[in-house]
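Trainee: Could we go through this one together? I'd like to begin with the ligand and then move on to the rest of the chain.

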Amino acid sequence: MGLFQKLKEGLGKTHSRLVHEIRRIVTGSPRLTGTTLEQLEAALLGADIGRAVTAQIVNSVKEAYESKGNQGADVLSIARDIVERSLSNHSTDLARAESGLTVVSVVGVNGTGKTTTCAKLAEYVKKRGQKPMLAACDTFRAAAIEQLKLWGQRLDVPVVAGTYNADPASVAHDAVTAAMARGADYLFVDTAGRLHTKNNLMQELQKVHRVMGKKLQGAPHEVLLVIDATTGMNALNQAREFHKAVSVTGLVITKLDGTSRGGMVVAIHKELALPVKFIGVGEQIDDLQPFNAADFASALFQV
Ligand SMILES: Nc1nc2c(ncn2[C@@H]2O[C@H](COP(=O)(O)OP(=O)(O)OP(=O)(O)O)[C@@H](O)[C@H]2O)c(=O)[nH]1
Ligand SMILES: [Mg+2]
């Protein structure tokens with residue numbers, strides 16, 4: 001299956017909700033009235049597209065109707081174009097250190113998909129011909145180390161791990177040392193899930209980053225915050241707090257296949273001005289995709 005097809009399937013719940021509702025609204029009302037616009041607004045907000053972008057879409061639909069009449073107001077394509085434009089002002093490629101090893105720290109609250117994302121990213125760079133390594137810095141949750149090691153075995157990617165309850169910063173230090181010694185291109189650092197409201201845990205994360213930065217200048221070169229799309233707008237608070245503590249460089253939004261509110265990608269991007277770098281649309285290893293604004297917008301609104 002092609003990448004776009006997979007994306008379309010993954011976003012299927014959000015797509016059918018939006019397209020179904022918008023079509024019902026448009027065909028149910030031969031003339032565009034105030035009520036139609038209100039229904040359109042409700043449909044877009046219901047998919048969590050957010051107030052700002054929803055208002056833009058509703059205004060454009062109104063303008064198109066006023067200047068061109070009903071025929072000119074193709075609501076789905078207007079929405080598609082506005083969503084694409086609102087998402088496309090950022091580069092989304094994985095950071096690359098100027099020379100040698102690039103360290104990518106993967107952070108977020110519990111259960112968002114960090115460990116899976118580390119594995120998927122390792123596979124992603126491997127497919128491009130680069131050499132990945134993994135660091136098991138979740139020394140807290142039961143079975144977290146085994147989970148990452150299992151991925152390492154499956155993907156044939158080396159994993160640096162310590163023991164449970166070891167200081168994650170010391171595992172991170174050893175992992176950077178090992179990755180440099182082995183000439184890896186990327187080190188993906190799997191960190192423990194933590195609530196953004198827990199100060200001591202956020203400080204622990206800062207320490208992990210500080211220690212890596214001492215070992216290798218610029219590390220971590222990328223801090224990816226993994227957000228579970230099914231948590232909806234609470235993700236905004238998570239993102240703000242993580243960003244404050246560890247300067248997030250990009251977002252990974254997972255589990256988009258599990259929600260009909262996939263428009264949250266648009267709202268979060270608008271609200272935070274942080275690039276969405278990857279999205280997860282399933283549990284398989286190749287279900288993590290580099291984010292592409294045009295494809296995402298088409299997958300939401302294209303019939
Ligand atoms: N459907 C779906 N499931 C996903 C996606 N990404 C991750 N998952 C699933 O989410 C669950 C949790 O994933 P993990 O990678 O263990 O999450 P984590 O953030 O490392 O969890 P903790 O380490 O406990 O904080 C697993 O069952 C994954 O398969 C996705 O894009 N879609
Ligand atoms: Mg994990």
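Trainee: Which residues come nearest to ligand 1?

Mentor: Bearing in mind that this is a predicted model, there are 19 residues around ligand 1, and those that come nearest are Lys 114, Thr 116, Arg 141, Asp 257 and Glu 283.

Trainee: And what is the make-up of that shell by class?

Mentor: Eleven of the residues in the shell around ligand 1 are polar, seven are charged and one is nonpolar.

Trainee: Which helix gives the largest share of the shell?

Mentor: That is helix α6, which spans residues 114–127 and supplies four residues, the largest share of the shell around ligand 1.

Trainee: OK, polar contacts next. What is the distance between the side chain of Arg 141 and ligand 1?

Mentor: An N or O atom in the Arg 141 side chain is 2.7 Å from an oxygen atom of ligand 1. Gln 147 also has a polar side-chain atom placed 2.9 Å from an oxygen atom of the ligand, whereas for Gly 280 the atom in question is a backbone N or O, 3.3 Å from a ligand oxygen.

Trainee: How much of ligand 1 does the protein bury, then?

Mentor: The ligand taken alone exposes 660 Å², and 81% of that area is buried by the protein. The space that ligand 1 takes up is also the largest pocket.

Trainee: Switching topic: how is the protein chain divided into domains?

Mentor: There are two assigned stretches, with domain 1 covering 3–87 and domain 2 covering 102–248, and the C-alpha centres of these two domains lie 38 Å apart.

Terms used:
Residues numbered from 1 in each chain as written. Chains lettered and ligands numbered in written order. Predicted model: local features only at pLDDT ≥ 70, side-chain atom pairs only at ≥ 80, totals over all residues. Heavy atoms only, no water. Near = heavy atom within 4 Å. Polar contact = N/O pair within 3.5 Å; in protein donor to acceptor, adjacent residues only side chain to side chain. Areas by Shrake-Rupley, 256 points an atom, 1.4 Å probe, with all protein chains shown as cover. 1 Å grid on protein atoms, 1.4 Å probe; cavity = no way out; pocket = protein on both sides within 12 Å on 5 of 7 lines; lining within 4 Å. Sits in = over half its atoms within 2 Å of the grid points. Helix = DSSP H or I, 4+ residues; strand = E, 2+ residues; numbered from the N terminus. Nonpolar A, V, L, I, M, F, W, Y, C, P; charged D, E, K, R; others polar. Domains from an automatic or database assignment.
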